[in-house]
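Reader: Hello! I am new to this one; could you show it to me and walk me through a few places in it?

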Amino acid sequence: MNEVILEATDVCKYYPVQSSGFGARKGIVRAVDGVSLAVKAGEVFGLVGESGCGKSSLGRSLLRLEDPTSGKVEFEGGNLCALKGVELKQFRRQAQVIYQDPYSALNPRQKVCNIIGEPLIIHGIGDKKEREKRVQFLMEVVGLRPGQARRYPHEFSGGQRQRIVIARALALQPKFILADEPVSALDVSIQAQVINLMQELRAQFGLTYIFISHDLSVVEYICDRVAVMYLGRLVELADKETFYSSAQHPYSQALLSAAPTPIPGAKVKRIMLQGDVPSPINPPAGCPFHPRCLEATEVCREARPDFREISLDHRVACHHR
């Protein structure tokens with residue numbers, strides 16, 4: 001069994017909401033509300049859910065791109081939340097990010113060689129010639145020609161730009177990568193190329209991914225385990241085979257029923273959820289999903305369910321499972 005490389009315990013991330021009048025606090029957005037999870041070394045950990053459920057906020061908190069409001073994050077056994085200065089900078093060499101939008105993720109005024117090589121300069125790695133060799137190597141690894149190194153981002157397609165983003169993320173030889181919807185801005189045919197590239201890089205460099213997405217078909221292809229997030233909390237966590245064959249939480253079942261089927265004309269029983277996602281500023285009491293759940297009872301309206309294990313490595317937050 002692989003060792004745990006990153007572990008979160010009761011992580012919360014709240015954002016203050018200011019009134020439009022005199023700047024007084026109006027409330028807080030509970031973007032992440034008490035999430036606990038463990039990511040094993042070498043795996044692809046999928047994080048899914050509707051837009052606005054807190055996936056990206058959780059990812060940023062786990063990598064200290066934003067400080068969590070409360071809770072604890074450990075990376076390779078060390079308390080990530082306690083790192084400062086030089087120690088935090090050293091951690092940055094171990095964990096990198098692949099962003100969703102390859103257009104805004106790259107500085108349009110910098111050449112590709114400078115974009116990919118910038119992390120090496122910041123961390124003082126190698127001399128100029130060594131950095132140039134590293135940049136050329138990385139471009140070849142992600143499927144770009146080294147001769148394109150002196151071009152600007154606008155001279156590349158969307159898929160090529162995402163390859164540049166991936167090359168930059170690999171520059172410091174990290175162990176862990178947060179991929180925040182890395183293919184959602186790309187055409188379907190290009191998505192497949194980038195996903196296959198990420199799989200190859202995982203095997204080649206021994207990478208660990210947290211893969212954030214709302215596309216369940218992509219998650220099924222690349223991920224080893226799947227965690228479902230709703231209104232800032234995890235509602236289900238299971239290995240891929242268990243999740244796609246026998247998801248237990250009503251929200252997970254609704255997500256799976258809404259996914260397109262690859263078989264034309266196949267009959268699929270769709271689960272139609274009622275209403276909209278509640279506001280994270282004023283979440284409902286009890287189970288956060290109960291206003292939309294077809295199985296909700298009185299206990300769901302009054303008590304928040306524990307995120308408990310119902311079988312080996314399968315956890316669900318539901319009173320009726």
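Predicted model: local features only at pLDDT ≥ 70, side-chain atom pairs only at ≥ 80, totals over all residues.

Reader: Thanks! Where is the place of His290?

Author: Residues are numbered from 1 along each chain as its sequence is written, and side-chain values use heavy atoms, with hydrogens and water left out. Helices (H or I, at least four residues) and strands (E, at least two) are DSSP runs, numbered from the N terminus. With that numbering, His290 sits in the loop between α9 (250–258) and α10 (298–302).

Reader: Does His290 count as buried or exposed?

Author: Buried means under 20% relative accessible area, exposed over 50%, and partly exposed in between (1.4 Å probe, protein chains only). Because its relative accessibility is 16%, His290 counts as buried.

Reader: Which backbone oxygen does the side chain of His290 reach?

Author: A polar contact is a pair of N or O atoms within 3.5 Å; within protein, one must be able to donate a hydrogen and the other to accept it, and residues adjacent in sequence count only if both atoms are side-chain atoms. The side chain of His290 makes its reach at 2.8 Å, and the backbone oxygen belongs to Cys287.

Reader: Which cavity does His290 line?

Author: A cavity is a set of points, on a 1 Å grid over the protein atoms alone, where a 1.4 Å probe fits but cannot get out, and lining residues have an atom within 4 Å of a point. The residues around one such space include Cys287, Cys293, Cys300 and His319, along with His290. They line the second largest cavity.

Reader: What is the volume of the second largest cavity?

Author: Grid points are joined across faces, edges and corners, and a volume is the space filled by probe spheres set on the points. The structure holds 3 cavities of 30 Å³ or more. For the second largest cavity, the volume is about 50 Å³.

Reader: How many charged residues has the lining of the largest cavity?

Author: Ala, Val, Leu, Ile, Met, Phe, Trp, Tyr, Cys and Pro count as nonpolar, Asp, Glu, Lys and Arg as charged, and the others, Gly among them, as polar. The largest cavity holds about 70 Å³ of space, and its lining includes Arg30, Asp33, Leu231 and Arg304. By class, there are 5 nonpolar residues and 1 polar, and the charged ones number 4.

Reader: How many residues of strand β10 are buried?

Author: Strand β10 spans residues 233–239 and is mostly covered. This strand also pairs with β12 (residues 314–316) in the antiparallel sense over 2 bridges, with Leu237 and Arg315 as bridge partners. Of the 7 residues in β10, the number buried is 6.

Terms used. Pairing = 2+ DSSP bridges. 1 Å grid on protein atoms, 1.4 Å probe; cavity = no way out; pocket = protein on both sides within 12 Å on 5 of 7 lines; lining within 4 Å.
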